[in-house]
Number of protein chains: 2
Amino acid sequence: MSRADRFLKACRGEETDCTPVWFMRQAGRYLPEYRAVRAKVPFLTLCKTPELAAEVTLQPVDILGVDAAILFSDILVVPEAMGMHLVLDDAGPQFTEPLRGPADGRRLRVPDPERELRYVLDAVRLARKQLAGKVPLIGFGGAPWTLAAYMIEGRTSRSFERAKAALLGDEAFAHELLSRISEALALYLQAQLDAGADAVQIFDSWAGALAPADYARLGAPYVARVVQGLRRERKQPVIVFGVETGELLGQLAATGADVVGVDWRVPLDEARERVGPAPALQGNLDPASLFLPAPALEKRVLRVLEEGRRAGGGHVFNLGHGILPSTPVENAKLAVELVHRGLPAR
Amino acid sequence: MSRADRFLKACRGEETDCTPVWFMRQAGRYLPEYRAVRAKVPFLTLCKTPELAAEVTLQPVDILGVDAAILFSDILVVPEAMGMHLVLDDAGPQFTEPLRGPADGRRLRVPDPERELRYVLDAVRLARKQLAGKVPLIGFGGAPWTLAAYMIEGRTSRSFERAKAALLGDEAFAHELLSRISEALALYLQAQLDAGADAVQIFDSWAGALAPADYARLGAPYVARVVQGLRRERKQPVIVFGVETGELLGQLAATGADVVGVDWRVPLDEARERVGPAPALQGNLDPASLFLPAPALEKRVLRVLEEGRRAGGGHVFNLGHGILPSTPVENAKLAVELVHRGLPAR
């Protein structure tokens, strides 16, 4: 089996020569090669310049030896294309005019990806061409709840009281806004698949801020609608991921996704109990483990592999959340090697 | 049964006339009366002036009608008394010289509470006297892992890679530091009990940042040591609480605490499965629910009461995390009334 096949086979629960591995945010700040590109342009310009986005997308494939590339982009380009005004400064991404109610929601467009998000699709096409089949390319988008929360809060939040009050307090608004975002997201992911993405990941980054009963209203149904609406002619897998989702894993599995991402709080064999037999699992090394000395890191990588083996049903090794900006590159490389080396023979 | 008894009885799993309720951070910024006091002095001065700390401790008892008062203070006064330099500015609390390794750890003192934290104990004595038996007074402290993480990171963090690398990468350092903090915490909580606190809560606020296997090394054993080391002549209950602890509830229960606090991510009846029959449960309304219109808020309060009834074994109603600074006071009052009114007769 070649490196090109491992990731997709594991997503489908098929046997692989070794466990495939990639890292969320693997194209990012911890890499000197990324920082060199980023020094030349602002973040959003990097997202919007296909040549540069493709360049940083490819960097970790050779530097780390991972088994998949993930498109360099940002989940917030979709709300921007829907009509929100996005700025990125030192305080992080911000919508300068957050949604204040149903009237604001109704002003949002459902963008035509090939027109308003063409730079993303051009980056997909370019990255895929440059990858030349070496490893698959993962596209992605933000889940409806996570994007809606961002659009209402205007920025990241610890407690999301504005978003929760707006969406849990007004069912009609919630349904209209989340439906509109779902429609935009489905078109966007479909366009990425059509442009050559070999898989897509839906980031429901803030799923875990919701109680299970609220995620059942605001989260899972809209993710399910997106997953089930995709035409996947090459059977491209769909991955769903969020953090702090211990109580939501069953709902994430029921969306119909092929792969459920798990953060480091839930051991993979325990996660298997909650998702049932169908989906493959992705995860779930604590990103902070990449700061430990090699023997401690090795122990932790082997523990995740062991739990993945016990879980069965397909395992894509990943971190439980994005790689941290100050991660030592040599430790990220070592983790990839350790995953490929696998568990000692029994 | 009087309002004075409800909270303590529920902590011990005994029958009560109605479910007792208090809110984490109930003495805080959402109250105009608190802001009026706070306008006069910096935060740390408020903590260190027993008359003012007692005054704000008592505010929510009459304003909201809650069934317990919780001492106004901050978990970081203990590391300060251990020798760390604490500053509080607009960026939040900070230790200006975070611990960098074992040598820094060895310089920490185990403070004599009646000497170096006397202002806290004076506030306990004063608040208890002013409460005059109306409702019990809860003292508190930060758990060893949470305090150690603060002391190493120097401030709040999203990912705690410094603290995790330091403590998971050097077992001897971890054990020495966590043991020293445990010793300080045990003396501190004992002194609060001796000064008249009717219960104590241990805040392991950052427990949920750790994978279960790591919490089993860095978290639970030290909490257990503190809980089991307390002399509780009046059988004062001990509560342990953290957020994102879904996978840690069993470990928290096994510390020997009388009450386990649960955040809003895990329904109380599900939490009961994980903690076993012994501890009472505290929680777990999503703090954002206090921003909803009255009918929606009522539905959510009733749901928590229903789940608490199904869980059995004692229920103290609380939020799943601290009350948010912009919470409308009238909604907090309404929630207290709704809890006291209870579930409709079956």
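How many cavities of 30 Å³ or more does the count come to? The count comes to one. A cavity here, on a 1 Å grid over the protein atoms alone, is a set of points where a 1.4 Å probe fits but cannot get out. Grid points are joined across faces, edges and corners, and a volume is the space filled by probe spheres set on the points.

Some housekeeping before I go on. This is a predicted model, in which local features need pLDDT of at least 70, side-chain atom pairs count only at pLDDT 80 or more, and totals for chains, interfaces and linings use all residues. Residues are numbered from 1 along each chain as its sequence is written, chains are lettered from A and ligands numbered from 1 in the order in which they are written, and side-chain values use heavy atoms, with hydrogens and water left out.

Back to the cavity. The largest cavity holds about 140 Å³ of space. Its lining has 17 residues, and A:Glu244, A:Gly246, A:Glu247, B:Gly246 and B:Arg265 lie nearest the centre; a lining residue has an atom within 4 Å of a point. By class, the lining of the largest cavity divides into five nonpolar, five polar and seven charged residues. Nonpolar means Ala, Val, Leu, Ile, Met, Phe, Trp, Tyr, Cys and Pro, charged means Asp, Glu, Lys and Arg, and the others, Gly among them, count as polar.

Next, the symmetry. Chain B is superposed on chain A by a rotation of 180 degrees with 0.0 Å of shift along the axis, at an RMSD of 0.0 Å. The two copies are therefore related as by a two-fold rotation axis. The same surface serves both copies, since 100% of the contact residues of chain B recur in chain A. The superposition is by least squares on the C-alpha atoms of residues with pLDDT of at least 70 in both copies, and contact means heavy atoms within 4.5 Å.

Now the sheets. In chain A, seven strands form an open sheet with parallel pairing, in the order β1-β4-β5-β6-β7-β8-β9. At its edges are β1 (69–70) and β9 (315–319) of chain A, each pairing on one side only. Helices (H or I, at least four residues) and strands (E, at least two) are DSSP runs numbered from the N terminus, and two strands pair if DSSP finds at least two bridges between them.

Inside that sheet, β5 (residues 199–203) of chain A runs parallel to β6 (residues 238–241) of chain A, joined by four bridges. A:Gln201 stands opposite A:Ile239 in this pair. Helix α16 (residues 294–311) of chain A packs on the sheet, touching β8 (280–285) and β9 of chain A, and its direction makes about 160 degrees with that of β8(A). Such angles run from 0 to 180 degrees between N-to-C directions, with axes as lines fitted to C-alpha atoms, for helices over the stretch in contact.

Chain A also has a hairpin, formed by β2(A) and β3(A) with two residues between them. Four bridges join β2 (residues 86–89) and β3 (residues 92–95) of chain A, which run antiparallel, and A:Val87 stands opposite A:Gln94.

Last, the backbone. Most residues other than glycine have a negative phi, and most peptide bonds are trans. The bond from A:Gly283 to A:Asn284 is cis, with omega near -5 degrees, and A:Asn284 lies in strand β8 of chain A. In chain B, a cis peptide bond joins B:Gly283 and B:Asn284, with omega about -10 degrees. A:Ala132 has a positive phi, near 50 degrees, and lies in the loop between α8 (118–131) and β4 (137–142) of chain A.

Methods. 1 Å grid on protein atoms, 1.4 Å probe; cavity = no way out; pocket = protein on both sides within 12 Å on 5 of 7 lines; lining within 4 Å.
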